[in-house]
Amino acid sequence: MSVTLEVRNLRTHFHTRGGILKAVDDVSFSVEQGQVMGLVGESGSGKSVTGFSIIGLVDPPGRIAGGQILYRGQDLAKISEREMRSLRGNRIAMIFQDPMMTLNPVLRIDTQMIETVQAHANVSKAEARTRSRDALGMVGIPSPEERLNSYPHQFSGGMRQRVAIAIALLHNPDLLIADEPTTALDVTIQAQILAEVQKLAAEHGTALIWITHDLSVIAGLADRIAVMYAGRVVESGDAASVLDRPLHPYTHGLIGSVPSRNKRGEKLRQIPGMTPSLLSLPPGCAFRTRCARATAACGQEPPEESPETGRMVRCFHPMEAVSA
Amino acid sequence: MTEAPIIEMRGISKRFGPTYDAAARVTRALSRRFGNEPRNETVRAVDNVSLSVFRGEVVGLVGESGCGKSTLGRMVAGIMPPTEGQVFFKGKDITTLPTDQAKDAKLKVQMIFQDPYASLNPRLRVDEIVGEAPRVHGLIPNNDFDGYLDAQMRRAGLDPAFKRRYPHQFSGGQRQRIGIARALAVQPEFLVCDEAVAALDVSIQAQILNLFMDLRRELDLTYLFISHDLGVVEHLSDRVLIMYLGRIVESARAEDVFSRPNHPYTQALLSEVPRIDARKRHFTAIKGEIPSPIAPPSGCHFHPRCPHAMPRCAIEAPAFKEVAPGHGSACHLNDG
């Protein structure tokens, strides 16, 4: 399958008064056509900033300080804002966590959708409206013709997120970045959205980057996983092998923290300490202060290693080297 | 069990509605006279719910947003009076107790809230947040305020050296620990945790869940654990209650709920929960939206979304019946 997006050594830094904040620091991964890539991390791990960097929405004081974002061979980090605008919302689209933030509250849904269609396609207003209606129908909104005339506040949370997804899908993007789109939704509604998204990747060959902190959602959805910690990808590989045989101690701890993986009533295998501030990261491996396996060697930065094909880990003492 | 339950609620309802001023009452009466029934604006957040929690139990309360689980939790914690029904603390009706005993009973039930940012007063230091209530209620032995405070903070996993700090100087997980220390400082027997770990990162969530389990053993605590996260509830609870639109639809021991769910809503909920051990699965969606609690569907509230709905379900609300020892469910399918 062809590679839709390849991110190589991406660095996104924020120049704050407290110093340079390396939100994304040397991140590499790739997504193929029709593939779901799960970008997992806790708050402050840089997973969202990675998404924003790809679609070119990093605001000052942040900027892409290095690396390449290759979309079908074209480096998105280098192209002009004008070129980016012809891609954004067209070939590359994004869904955000809060659909109220992405929809304009004072405009009707049809206005917002027709505008999006006409931004990238030279079609009549009637044609744009038809396309919008079809997109709403595709994401499972009942009676889409009437719903086009509604305002965002007239939709429930789940429906609003569907509208946001429909807008993202208007131009059948090759790449869809989803930033925690189901976190604010209820379980039954989340399942509906996940079902739609799965269908999309399978039927249209859209490559998907699914950003989340929820390993359970990722387990059911993703083909590949990249785990981020303090701005770096610490481990990546295909979903099943990362979840079944995690190599990095952080991934291991994270999976142990999920209650359903543990026996009922038993203590959860917790990670001590808390996520570090990106402004005062310890030198070397950022996880070493919380890691049970850390040694003096971890004061150096661990290189990316590939112990088996398709897997990457950034650790001097990966789990299986000793026996997990 | 012969011992009276630590908390028992009988036929509890909570309704929220607008209060009408004189003008609104007149217009509503007029429109009724002219044959237009004015719109019902009352929300039945909790509708005739009964539950009892025994000493040492962890009861999980599960439901989606708007089902009334937080309202129920607040009534259990005694910070919101029910519209109807009775609350018993250790077999005694709280409303008929003399004031000082009622106060004691209330102190014994404490609550931990979801948002560790909104539930701590940003202008108070940690020592005031944690220490104020026990000082007011005279619970501090020998006037050793600092010693008592340090013990409370250590028990919740906080360094007492931080007691002169303000909440904003702490991370989310530590703030939740402050909330826990505050609740425990008045020596409660019963904790109501309302989505107490929902706002935390996975690794921090595990730390707090472990703390809850340690405290349960150490202090012989009883919990009502409210959550939308079935994984968390399964891990912690002895007994689970499932709520849908103001009513409890199923109640059973945790193993029974997760292995033999009876109510179609519970079954749907369980099948849709993403689980870390389920790989690359096909998500199938339960149809429809959660209806508004202002205008819940007639009969069984779940019938418009239920795959097994019969004509009877739209007319008659199913009674809550025992389907197996200790396992109750409200569904017409159980009538054979």
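The lining of the second largest pocket holds 13 nonpolar, six polar and three charged residues. Here Ala, Val, Leu, Ile, Met, Phe, Trp, Tyr, Cys and Pro count as nonpolar, Asp, Glu, Lys and Arg as charged, and the others, Gly among them, as polar. This is a predicted model, in which local features need pLDDT of at least 70, side-chain atom pairs count only at pLDDT 80 or more, and totals for chains, interfaces and linings use all residues. Residues are numbered from 1 along each chain as its sequence is written, chains are lettered from A, and side-chain values use heavy atoms, without hydrogens and water.

The lining comprises 22 residues. Nearest the pocket centre lie G89(A), F96(A), T102(A), T116(A) and I167(A). Strand 6 (92–95), helix 4 (109–120) and helix 7 (157–169) of chain A each give two or more residues. Helix 4 of chain A gives the most, five residues. The pocket holds about 710 Å³ of space.

Now chain B. It has eleven helices and twelve strands, taken as DSSP runs (helices H or I, at least four residues; strands E, at least two). The radius of gyration of chain B, over C-alpha atoms, is 22 Å, close to the 20 Å of the globule rule for 336 residues, so chain B is as compact as a globular protein of that length. That rule is 2.2 Å times the number of residues to the power 0.38.

| Chain B property | Value |
|---|---|
| C-alpha box along the principal axes | roughly 65 × 60 × 45 Å |
| Buried residues (under 20% relative accessible area, 1.4 Å probe) | 51% of 336 residues |

Conventions: 1 Å grid on protein atoms, 1.4 Å probe; cavity = no way out; pocket = protein on both sides within 12 Å on 5 of 7 lines; lining within 4 Å. Points joined across faces, edges and corners; volume = space filled by probe spheres on them. Buried < 20%, exposed > 50% of the residue type's maximum accessible area, 1.4 Å probe, protein only.
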